[in-house]
Amino acid sequence: MLLDGRPIDKYTLLQRAQKIAYLPQEIRVEFNLTVRQAVLMGRFPHYGLFGRETLEDHAVVDSVLQRTGLLELSNRELDSLSVGQRQRVWLASCLAQSAPILLLDEPTSSLDLGQTWRMLQLICQEQVECPTEPKTIIGVFHDLEAVKKFCSRAVAIKDGIIVADGAPSNLLTDEFVSQLYDLSESAQFVPVRN
């Protein structure tokens, strides 16, 4: 696999972290951090000569906390936050990383509908409001309505093989989704009776 025309395994871990930010489905931390400390962790690939954060790092964190609506929560501990707030903190940490590529692995899987849409709006807004740092955002989603609303391109994968690639509005038709998920036309929802 190539990254900027160079094999990805030729980059050090630090160099990769400067190029790619990754948000997994869930992050477990063995010790408690404040929101600010968690977001500051995203700046690690850019720390100065002695491995310490700089004034620039703190300025980036302040900006990201403001843009993500977390500034008022910056001194709260992660353990005191809701699942949705914690997920927003980890997204903020990825944004503070200032990497040109952002990988999202089902970032909304544990969020309710409102939190999901706010998170995706934030990601889209980030792409528009930070034109000096163009981002390629790649995400894994099972929420097809969110894909239709927020994504400019969809790639459907079945059994590890790309089966379709295109604009979500053209690609995600009822017929295609039925084929993708092996839903027969005879499948119906059966009402539950008490």
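With a relative accessibility of 6%, Ser74 counts as buried, where buried means under 20% relative accessible area, exposed over 50% and partly exposed in between (1.4 Å probe, protein chains only). Ser74 lies in the loop between helix 3 and helix 4. Helices (H or I, at least four residues) and strands (E, at least two) are taken here as DSSP runs, numbered from the N terminus. Setting aside neighbours within four places in sequence, Ser74 is in contact with Thr34, Val35, Arg36 and Leu65, a contact being heavy atoms within 4.5 Å. Glu72 is placed in this loop between helix 3 and helix 4 as well, but Glu72 is exposed, with a relative accessible area of 80%. The C-alpha atoms of Glu72 and Ile157, which are 85 residues apart along the chain, are separated by 40 Å.

The structure is a predicted model, in which local features need pLDDT of at least 70 and side-chain atom pairs count only at pLDDT 80 or more, while totals for chains, interfaces and linings use all residues. Residues are numbered from 1 along each chain as its sequence is written, and side-chain values use heavy atoms, with hydrogens and water left out.

Now to the overall picture. The protein contains 8 helices and 7 strands, and its C-alpha trace spans about 65 × 50 × 30 Å along the principal axes. Of its 194 residues, 36% count as buried. Among contacts between residues at least 6 apart in sequence, 63% join residues at least 24 apart.

Helix 3 (residues 55-67) leads up to the loop that holds Ser74. This helix has 13 residues and reaches 18 Å from its first C-alpha to its last, close to the 18 Å expected at 1.5 Å a residue; the expected span is 1.5 Å times one less than the number of residues. Its buried residues are Asp57, Val60, Val61, Val64 and Leu65. They cover an arc of only 135° around the axis, which puts them on the same side of helix 3, the arc being that of the directions from the helix axis to the C-beta atoms. An α-helix has 3.6 residues a turn, so residues three or four places apart point the same way. On the other side of helix 3, Leu55, Glu56 and Gln66 are exposed. The buried residues of helix 3 pack against helix 2 (35-41) and helix 4 (83-96).

At its start, a side-chain oxygen of Thr54 reaches to within 3.3 Å of the backbone nitrogen of Glu56. Helix 3 is followed by Gly69, whose phi is positive, near 70°.

What length does helix 4 reach from its first C-alpha to its last? Its 14 residues reach 20 Å, close to the 20 Å expected at 1.5 Å a residue. Of these 14 residues, 10 are buried, so helix 4 is largely enclosed by the rest of the structure. The buried residues are Gly84, Gln87, Val89, Trp90, Leu91, Ala92, Ser93, Cys94, Leu95 and Ala96. After helix 4 comes Ser98, whose phi is positive, near 55°.

An open sheet is formed by 3 strands in the order 3-4-5, with parallel pairing; two strands pair if DSSP finds at least two bridges between them. Strand 3 (20-23) and strand 5 (136-140) are the edge strands, each pairing on one side only. From one strand to the next, the twist averages 15°. Helix 4 packs on this sheet, touching strand 3 and strand 4, and its direction makes about 175° with that of strand 3. For these angles, axes are lines fitted to C-alpha atoms, for helices over the stretch in contact, and angles run from 0 to 180 degrees between N-to-C directions.

Within the sheet, strand 3 and strand 4 pair in the parallel sense over 4 bridges, and Ile20 has Ile101 of strand 4 as its bridge partner. Strand 4 (residues 101-105) and strand 5 pair, also in the parallel sense, over 5 bridges; here Ile101 is partnered by Thr136 of strand 5.

An antiparallel pairing is found between strand 6 (residues 154-158) and strand 7 (residues 161-166), over 5 bridges. Ala156 stands opposite Ala164 in strand 7. The two strands form a hairpin with 2 residues between them, and Asp159 in the turn has a positive phi of about 50°.

Definitions and conventions. Polar contact = N/O pair within 3.5 Å; in protein donor to acceptor, adjacent residues only side chain to side chain.
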